[in-house]
Amino acid sequence: MKRQVEYRWRLAELMAARGLHNTTDLIPLLAERGIVLSRPQVYRLVNQKPERVALQLIAAICDIFSCGPEDLITVTAADVKARRTGTASSPNVVDLNRAARPRRARIIDDDH
């Protein structure tokens with residue numbers, strides 16, 4: 001069975017809990033830990049769910065907020081139900097005898 005994995009990026013919540021309400025407040029804190037990002041990069045990091053993040057950046061954020069990665073990223077996983085395609089056998093479907101095949105019709109013109 002397939003599983004669908006979702007995650008929630010909680011950096012904005014961590015910043016608000018610490019009293020950091022501007023994304024630019026995070027720039028010097030990251031720079032102290034060797035992470036240099038521009039203002040637009042930090043804005044996107046805080047306000048959007050990133051697809052890829054360097055582990056060094058996650059470690060720096062966890063150090064800034066004295067938290068673990070599980071506080072920064074919450075993960076949920078759920079089983080995905082298989083879609084019904086109509087080709088699977090169901091109790092209402094009758095199996096046809098494949099040995100009995102229809103014969104091709106011959107059309108005869110009456111004018112000849």
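User: Which residues is Val42 in contact with, leaving aside its neighbours within four places in sequence?

Analyst: This is a predicted model, in which local features need pLDDT of at least 70, side-chain atom pairs count only at pLDDT 80 or more, and totals for chains, interfaces and linings use all residues. Residues are numbered from 1 along each chain as its sequence is written, and side-chain values use heavy atoms, with hydrogens and water left out. Val42 lies in helix α3, where helices (H or I, at least four residues) and strands (E, at least two) are DSSP runs numbered from the N terminus. With contact taken as heavy atoms within 4.5 Å, and neighbours within four places set aside, the partners of Val42 are Thr23, Leu26, Ile27, Leu30 and Leu37.

User: Is Val42 buried or exposed, and at what relative accessibility?

Analyst: Buried means under 20% relative accessible area, exposed means over 50%, and partly exposed is in between (1.4 Å probe, protein chains only). Val42 therefore counts as buried, its relative accessibility being 0%.

User: How do the buried residues of α3 lie when seen down its axis, and within what arc?

Analyst: The buried residues of α3 are Val42, Leu45 and Val46. The arc is that of the directions from the helix axis to the C-beta atoms. An α-helix has 3.6 residues a turn, so residues three or four places apart point the same way. The buried residues of α3 line one face of the helix, because they fall within an arc of 95°.

User: Which residues does Thr23 touch, not counting residues up to four places away in sequence?

Analyst: Thr23 is placed in the loop between α1 and α2. Although it belongs to a loop, Thr23 is buried, with a relative accessible area of 17%. Beyond the four places on either side in sequence, Thr23 touches Met15, Val42, Tyr43, Val46 and Asn47.

User: Within what arc do the buried residues of α1 fall?

Analyst: Leu11, Leu14 and Met15 are the buried residues of α1. They line one face of the helix, because seen down the axis of α1 they fall within an arc of 100°.

User: At roughly what angle do the axes of α1 and α4 cross?

Analyst: Axes are lines fitted to C-alpha atoms, for helices over the stretch in contact, and angles run from 0 to 180 degrees between N-to-C directions. Angles under 35 degrees count as roughly parallel, over 145 as roughly antiparallel, 65 to 115 as roughly perpendicular and the rest as oblique. On this scale α1 and α4 are therefore roughly parallel to each other. The axes of α1 (residues 11-18) and α4 (residues 55-65) come within 11 Å, and they cross at roughly 25°.

User: Which residues make the contact between α1 and α4, and how many of them are charged?

Analyst: From α1 the contact is made by Leu11, Leu14, Met15 and Arg18, and from α4 by Ile61, Ile64 and Phe65. Ala, Val, Leu, Ile, Met, Phe, Trp, Tyr, Cys and Pro count as nonpolar, Asp, Glu, Lys and Arg as charged, and the others, Gly among them, as polar. The residues of the contact divide into six nonpolar and no polar, and the number charged is one.

User: Which elements do the buried residues of α4 pack against?

Analyst: The buried residues of α4 are Leu57, Ile58, Ala60, Ile61, Cys62, Ile64 and Phe65. They pack against β1, α1, α2, α3, α5 and β2 (73-79).

User: How far apart in space are Asp71 and Leu11, C-alpha to C-alpha?

Analyst: Asp71 lies in helix α5 and counts as partly exposed at 31% relative accessibility. Its contacts, leaving aside neighbours within four places in sequence, are with Arg10 and Leu14. Asp71 and Leu11 are 60 residues apart in sequence, while their C-alpha separation in space is 8.9 Å.
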